[in-house]
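Subject: Structure handover

Hi,

Here is the structure I promised to pass on to you. Please open it beside this email, and my notes follow below.

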Amino acid sequence: MECVLPKEYILKAVVHAVIGQQTDQKDHMRIAQNFFQMVGASPSECDTIPGRQCMASCFFILKQFDDVLVYLKSIRPYFIHDDDFNWNYGIASAAAGEYKEAEEAFLQIQNERSKQDYCYLSWLCRCYIMNKKPHLAWDIYINMETSNESLSLLNLIANDCYKMGQFYFSVKAFDVLERLDADPEFWEGKRGAAIGVFQLVVAGVEDKERLIEVINMLKNTSNPQVEYFVQIMKKWGKDNGFKF
């Protein structure tokens with residue numbers, strides 16, 4: 001089909017983008033990106049809503065999320081209650097490190113099917129963790145049925161919480177992962193997170209009661225290092241008037 005009108009180029013771009021995503025063919029994505037850019041940069045469309053959507057789509061394909069947000073933010077007032085817009089805005093914001101904006105966008109999505117999608121749940125979990133609300137990420141995991149997706153989410157929680165110094169929820173996640181799969185990396189993550197919780201308790205940042213949970217989780221592991229760590233924690237508790 002020979003394109004004449006902007007909407008025809010947009011339709012062709014969308015078709016190539018869908019095929020490219022479904023088949024993982026980069027040629028289709030490149031063609032889609034070129035068509036989106038052609039429309040979005042044209043003098044007649046550059047200041048229109050469709051034109052700015054096209055430029056956002058172009059940069060989305062290129063994974064240049066800061067540029068995506070320049071265009072999406074300029075038209076956001078027109079799409080506050082649009083689920084598709086909030087989905088794209090949320091992902092672009094999170095990918096650009098703007099987690100507060102991303103969380104707000106994801107929570108505005110109303111479609112129940114979208115809210116059960118693993119992509120949605122994983123991005124929302126990451127936003128909660130980055131926004132210092134790891135308990136909400138843990139709640140999402142708890143409410144999922146056991147599946148490969150729930151295990152992937154658990155892995156995300158374990159590692160993202162560790163990176164953010166939210167060691168209590170990290171050790172909980174690594175404990176479950178280790179009980180399901182005796183991969184040495186899970187023990188290493190669990191050990192590091194447990195030590196992290198202990199350090200926060202010593203510093204007065206974390207609740208002492210959580211050390212009891214950490215000790216019980218450590219005891220789930222058959223490793224000669226466990227007894228050493230447990231003894232250190234118990235000794236600190238005894239020296240500081242805290243009984244386990």
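Let me start with Ile19, which counts as partly exposed because its relative accessibility is 31% (buried means under 20% relative accessible area, exposed over 50%, partly exposed in between, with a 1.4 Å probe and protein chains only). Ile19 sits in helix α1, residues 6-23 (helices are DSSP runs of H or I with at least four residues, strands are runs of E with at least two, and they are numbered from the N terminus). Together with Leu11 and Val15, Ile19 makes a nonpolar surface patch of about 230 Å². Such patches take residues with over 30% relative accessible area and no salt bridge, joining like charges within 9 Å and nonpolar side chains (Val, Leu, Ile, Met, Phe, Trp, Tyr) within 5 Å. The areas come from the Shrake-Rupley method with a 1.4 Å probe, and for residues only the protein chains shown count as cover.

A word on what you are looking at: this is a predicted model, in which local features need pLDDT of at least 70 and side-chain atom pairs count only at pLDDT 80 or more, while totals for chains, interfaces and linings use all residues. Residues are numbered from 1 along each chain as its sequence is written, and side-chain values use heavy atoms, with hydrogens and water left out.

On confidence, the protein has a mean pLDDT of 93, with 99% of its residues at 70 or more (pLDDT is the predictor's confidence in each residue, from 0 to 100). Among the elements, the lowest mean pLDDT, 87, belongs to α1, and the highest, 98, to helix α6 (residues 99-107).

The domain assignment gives domain 1 (1-62), domain 2 (79-164) and domain 3 (165-243); the bounds come from an automatic or database domain assignment. Taken over C-alpha atoms, the centres of domain 1 and domain 3 are 51 Å apart.

Two buried residues come next. His28, in helix α2 (residues 26-40), counts as buried because its relative accessibility is 18%. Leaving aside neighbours within four places in sequence, His28 is in contact with His16, Ile19 and Gly20 (contact means heavy atoms within 4.5 Å). Arg76 lies in the loop between α4 (65-75) and α5 (83-95) and is buried at 13% relative accessibility. Not counting residues up to four places away in sequence, Arg76 touches Phe85, Asn86, Tyr89, Glu101, Ala105 and Gln108.

Now the charged pairs. The structure holds 13 salt bridges, each a side-chain nitrogen of Lys or Arg within 4 Å of a carboxyl oxygen of Asp or Glu. Here are some of them:

- Asp47 pairs with Arg52, with the closest N and O atoms 3.3 Å apart. Asp47 is exposed at 62% relative accessibility, whereas Arg52 is partly exposed at 24%.
- Glu112 pairs with Lys115, the closest N and O atoms being 3.5 Å apart. Both lie in helix α7 (residues 112-115), 3 residues apart, about one turn of the helix.
- Asp175 pairs with Arg179, the closest N and O atoms being 2.9 Å apart. Both lie in helix α11 (residues 167-180), 4 residues apart, about one turn of the helix. Asp175 is buried at 3% relative accessible area, while Arg179 is exposed at 54%.

Asp175 and Arg179 also belong to a network of salt bridges that links them with Glu178 and Lys190.

Best wishes
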